[in-house]
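I opened the file to look up a few items and keep short notes. The entries follow in the order in which I took them.

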Protein chains: 2
Amino acid sequence: MSPAPRSHQQIQALLKLRELILSGVFTPGERISELDAVARLGISRTPVRLALTLLEHEGFVSTSPGGGFIVRRFSLEDIHDSIEIRGALEGIAVRYAAERRPGDAELEPLRETVAALDTVVSRIMKEKEPAFEAFENYVEFNGRFHEQIVALAQSPMLGRSLQHVESLPFASPNAFVQLQAQTEDRTEIMLIGQVQHRSILEAIGNGEGGRAEALAREHARLARRNLRTAQQQLDLMRQVPGGTLVVSAQDLNDNKTARDAGEAAAATGQRRRTPNHHRR
Amino acid sequence: MSPAPRSHQQIQALLKLRELILSGVFTPGERISELDAVARLGISRTPVRLALTLLEHEGFVSTSPGGGFIVRRFSLEDIHDSIEIRGALEGIAVRYAAERRPGDAELEPLRETVAALDTVVSRIMKEKEPAFEAFENYVEFNGRFHEQIVALAQSPMLGRSLQHVESLPFASPNAFVQLQAQTEDRTEIMLIGQVQHRSILEAIGNGEGGRAEALAREHARLARRNLRTAQQQLDLMRQVPGGTLVVSAQDLNDNKTARDAGEAAAATGQRRRTPNHHRR
DNA sequence: CGATCACGTATTGCATACAAAATTGCGCCT
DNA sequence: AGGCGCAATTTTGTATGCAATACGTGATCG
């Protein structure tokens, strides 16, 4: 009937819940009851329940032993490993791409993206106070670059695995770019990154599979360098997509001592309910 | 109250549907309607629907444009790539394991598994007609080996990604072992595989991360060799877990010509309904 | 004779109602 | 006074009913 409302409730529930988790409304370790979510979203239990199950597969929540869902906690090591995994998968992608020996026409879109990145990066490096808009451009073309190398691999399975890894937002190629904009050594990092972009393109064009793979892996590790920076200033971490899900070992202990008995009960596999949660 | 019936309907639905798909009752490309599944399973629509959604995330089915699910088709390239991805992830796992420099006590379980594999392999190679039981033993210890190297990596994210890849059964480490039992060059393959097992263990023990990674990757490629064997005799493919989901380019064309107009309609994004599907 | 529009039917999607399981709090017994 | 057990309430899990959407078929008009 109405023009757009074919957007199903499931999708709405999924998006809203993901947003609530990422924005920190639901804190890591917190238990999400269906009724909570239903009351918050105004959507009935069936689609909410389905959305929560999907979020579990995406890794945002895990099922509690007694039933129900809890928001997952992630450590800095988890982010570190996710980046490494993404690098390995992108490495396979560019190796496949190189070994297929794509024609010039096929490589043209990637060439254009790299050229666009060249322009954006050089502009950012020239200006002392780079405009916010410039970084948005960088995010756009950087994302496109990563999409294109995966597309060039022509491997549905590879795309599937990468999509799964990047469902955790801090594993995506653009996760640390906005943060990078505020760091001191951003010019150095962007320079290195752009050299790697060009080198990967060159390696694919030359059919140098091994070189392309090594480059892609090392390229991903640039994100780990940014991660270390964010690690030192934890307030920066809050700006990283999904950064609110990260709980340091320090915080973990704090939580533990704060929740004392309750946490112990949860550890024994007991269901832990939020004590008094009156609503409406 | 009752001892076991706490096994929920969702899980039953998931298991049964997965079994129906893997056993070939639902053929690749076939549309699965909820009502079909409900009638077949005797479970109400809600858990069936949820199970189908889960199967979608596992990769067994995909959503049809007009709604509903269709059984996914996999090509031999998809299997090839899945194995490569598993190899890459296991490579990271053993590199992490090596770089952690685990103590002797920590490595002991892996040592025992490798020793057990030594025994099984040497027994299989001695006998002219190796007992079926021996291969079952091999499957058990081989699976344990792969579990243990992932555990040694101590990386939840890595475990998560591997679990996702191996949700497609033909990507699992043991997928081709039963098939391997029937091939001519099984002694050679098992010999190589076992040497690799030992070498990986040695590399982890010595802290040789790069070597361990290279070995794990090459080890996974043994499965690709088996895949090539199965490729030549497509009847062998039916013995591989999930092999019924594999549709060669040849079969794809056959299906296409057979379904002619209907397939064309589906290609335009129209919903395609099974014409007359009387039941009961 | 063909094409288009309208109507009928079947299937998906959502919401609610009901049943079962579990946890918490209270009471009783030791 | 403390621990164990029972009961009540909250919450999850399942089933069914209803509404909306989309497809197929038939009829009518050009």
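**Entry 1: chain A overall.** I counted 12 helices and 3 strands in chain A. Helices here are DSSP runs of H or I with at least four residues, strands are runs of E with at least two, and numbering starts at the N terminus. The model is predicted, so I note its limits: local features need pLDDT of at least 70, side-chain atom pairs count only at pLDDT 80 or more, and totals for chains, interfaces and linings use all residues. Residues are numbered from 1 along each chain as its sequence is written, chains are lettered from A and ligands numbered from 1 in the order written, and side-chain values use heavy atoms, without hydrogens and water.

I then checked burial. Of the 280 residues in chain A, 50% are buried. Buried means under 20% relative accessible area, exposed over 50%, and partly exposed in between, with a 1.4 Å probe and protein chains only. Next came contacts, meaning heavy atoms within 4.5 Å. Among contacts in chain A with a separation of 6 or more, 74% join residues 24 or more positions apart.

**Entry 2: the two copies.** How is chain B laid on chain A? I found a turn of 180 degrees and a shift of 0.0 Å along the axis, with an RMSD of 0.1 Å. The two copies are thus related as by a two-fold rotation axis. The same surface serves both: 100% of the contact residues of chain B recur in chain A. The superposition is by least squares on C-alpha atoms of residues with pLDDT of at least 70 in both copies.

**Entry 3: α5 and α6 of chain A.** I looked up helix α5 (residues 104-126) and helix α6 (residues 132-153) of chain A; their axes come within 9 Å and cross at roughly 155 degrees. That makes α5(A) roughly antiparallel to α6(A), a label for angles over 145 degrees. Axes are lines fitted to C-alpha atoms over the stretch in contact, and angles run from 0 to 180 degrees between N-to-C directions. The crossing of α5(A) and α6(A) is left-handed, so the near helix is turned anticlockwise from the far one by less than a right angle. The contact includes A:L110, A:L117 and A:I124 of α5(A), and A:F141, A:F145 and A:L152 of α6(A). By type, the contact residues divide into 16 nonpolar, 4 polar and 3 charged. Nonpolar covers Ala, Val, Leu, Ile, Met, Phe, Trp, Tyr, Cys and Pro; charged covers Asp, Glu, Lys and Arg; the others, Gly among them, are polar.

**Entry 4: α2 of chain A.** Which residues of helix α2 (residues 34-41) of chain A are buried? I listed A:E34, A:D36, A:A37, A:V38 and A:L41. The buried residues of α2(A) pack against α1 (9-22), β1 (31-32) and α3 (45-58) of chain A. Just after α2(A), A:G42 takes a positive phi of about 70 degrees.

**Entry 5: positive phi without glycine.** Most residues other than glycine have a negative phi. A:Q154 is not a glycine, yet its phi is positive, about 50 degrees. A:Q154 sits in the loop between α6 and α7 (156-165) of chain A and is exposed, at 52% relative accessible area. B:R101, also no glycine, has a positive phi of about 50 degrees. I placed B:R101 in the loop between α4 (76-99) and α5 (104-126) of chain B. B:R101 is exposed at 51%.

**Entry 6: B:V165.** Is B:V165 buried or exposed? At 5% relative accessibility, B:V165 counts as buried. B:V165 belongs to helix α7 (residues 156-165) of chain B. Leaving out residues up to four places away in sequence, B:V165 touches residues including A:R160, A:S161, B:I85 and B:L89.

Notes
Angles under 35 degrees count as roughly parallel, over 145 as roughly antiparallel, 65 to 115 as roughly perpendicular and the rest as oblique.
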